[in-house]
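Welcome, and thanks for opening the viewer. Could you walk me through what to select next and tell me what is there?

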Amino acid sequence: MSDTENTVLITKDQPMTQPASTISLATQRGRRRRRVLPTSSTKFIIGASIVIAIVLFAIIAPIFSQDPRSTDNPALIPPSPEHWLGTTKLGNDMFAQLAIGAQGSLLVGVVAGGIAIILSLVFGVLAGYLGGWREDTLALLTNVMIVIPGLPLVMVISSFVPQRSWQLVAFVLGITSWAGAAYVLRLQTRSLRTRDYVYASKVAGERSFRVILVEIMPNLLPLLTAQFLFAIIFAILGEAGLSYLGLGPNSSITWGTILNDAQSGQALGRGAWWWFVPPGIMIAMLGAGLSLINFAIDEVINPKLRNAPDAARRVRKAAKTKGVAA
């Protein structure tokens with residue numbers, strides 16, 4: 001039998017391996033993409049559930065509660081079927097105040113976080129992309145704001161304004177909490193502007209605004225989300241601290257103003273725990289929920305954090321196996 005016939009027989013006996021189809025490759029890429037989404041994280045699920053529950057409480061509860069400023073109720077009544085969370089020194093229903101206070105605190109956090117993230121985009125992303133003297137100028141302003149302590153500055157500004165609304169408090173908190181996020185975004189943008197696809201867009205004649213919006217911003221979305229959540233946490237805790245000191249909004253009800261009223265009304269000495277415990281628990285739960293979401297996003301940004309538990313389990317298993325073998 002000739003060599004040609006042997007080759008034909010071998011070819012017939014051994015089927016050729018077909019390359020992976022486009023559909024299978026796309027499916028594999030989709031599976032890899034789903035693994036890095038934060039929705040598969042237990043931290044994200046728990047944190048999102050807490051935050052959604054508090055938001056729904058802030059939206060729905062005021063509809064079924066009485067006027068939070070009404071003083072027609074008896075003073076300092078403990079929780080009962082008529083008043084689920086009791087009443088304050090002035091007879092205000094605590095459940096109604098807690099619901100309205102949730103709206104005020106959430107609005108302060110979202111508005112302050114939005115202001116902070118917009119300023120961090122201007123001073124961070126633009127500085128990192130433009131470079132040169134423009135980056136140096138924006139970076140100088142960012143470094144000055146980083147050095148200035150935020151909370152004492154907010155206290156000084158609030159003390160000079162006799163009538164303070166929640167909008168003013170949110171604005172002051174927003175303009176004093178953007179510098180740290182701007183610094184991180186500037187470093188990340190400086191790294192992204194040297195990528196090949198950014199150079200390709202510049203060579204193709206794309207405008208700087210479109211390059212930032214289309215090529216750079218999608219890669220910054222996880223980091224922007226994490227910084228936005230951190231700004232909300234800072235604003236809510238900052239407003240609660242200012243209100244507890246009497247420097248918060250004096251024309252609105254927030255969880256911080258409820259704590260201030262409880263402190264000035266000597267709720268602890270009177271044993272009226274229902275006056276200060278619920279708002280404290282709500283602040284802690286909201287901060288914990290946002291922090292868990294932030295941790296889940298950090299695991300998406302940094303794969304080392306996502307793979308750390310698996311690596312630790314492998315190390316423990318290897319050590320255990322080695323000990324049994326010994």
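Is Glu-135 buried or exposed? Select Glu-135 and show the surface around it: its relative accessibility is 7%, so this residue counts as buried. Keep in mind throughout the tour that this is a predicted model.

**Stop 1: around Glu-135**

Now colour helix α8 (residues 179-192), where Arg-190 sits, and helix α5 (residues 132-147), which holds Glu-135; the pair links distant parts of the chain, 55 residues apart. Arg-190 is partly exposed, because its relative accessible area is 37%, whereas Glu-135 is buried.

Together with Glu-135 and Arg-190, they belong to a network of salt bridges.

**Stop 2: Lys-43 and Glu-299**

Select Lys-43 and Glu-299, and you will find their side chains meeting at 2.9 Å, N to O. Lys-43 belongs to helix α3 (residues 42-64) and Glu-299 to helix α13 (residues 273-301), so this contact ties together parts that lie 256 residues apart in sequence.

Which of the two partners is buried? Glu-299 is, because its relative accessible area is 15%, and the cut-off for buried is under 20%. Lys-43 has a relative accessibility of 33%, so it counts as partly exposed.

**Stop 3: Arg-210 and Glu-206**

Move on to Arg-210 and Glu-206. They form a salt bridge too, with 3.5 Å between the closest N and O atoms.

**Stop 4: the largest pocket**

For the last stop, turn to the empty space. Rolling a probe the size of a water molecule over the atoms shows where such space is left. The largest pocket in this model has a volume of about 350 Å³. To find its centre, select Arg-69, Gln-97, Thr-257, Ile-258 and Asp-261, which are the closest to that centre among the 25 residues of the lining.

Which helix gives the largest share of the lining? Colour helix α11 (residues 255-264): it contributes 5 residues, the largest share. Finally, colour the lining by residue type, and you will see 7 nonpolar, 14 polar and 4 charged residues.

Note on methods: Residues are numbered from 1 along each chain as its sequence is written. This is a predicted model: local features need pLDDT of at least 70, side-chain atom pairs count only at pLDDT 80 or more; totals for chains, interfaces and linings use all residues. Side-chain values use heavy atoms; hydrogens and water are left out. On a 1 Å grid over the protein atoms alone, a cavity is a set of points where a 1.4 Å probe fits but cannot get out, and a pocket is an open set with protein on both sides within 12 Å along at least five of seven lines; lining residues have an atom within 4 Å of a point. Grid points are joined across faces, edges and corners, and a volume is the space filled by probe spheres set on the points. Helices (H or I, at least four residues) and strands (E, at least two) are DSSP runs, numbered from the N terminus. Ala, Val, Leu, Ile, Met, Phe, Trp, Tyr, Cys and Pro count as nonpolar, Asp, Glu, Lys and Arg as charged, and the others, Gly among them, as polar. A salt bridge is a side-chain nitrogen of Lys or Arg within 4 Å of a carboxyl oxygen of Asp or Glu. Buried means under 20% relative accessible area, exposed over 50%, partly exposed in between (1.4 Å probe, protein chains only).
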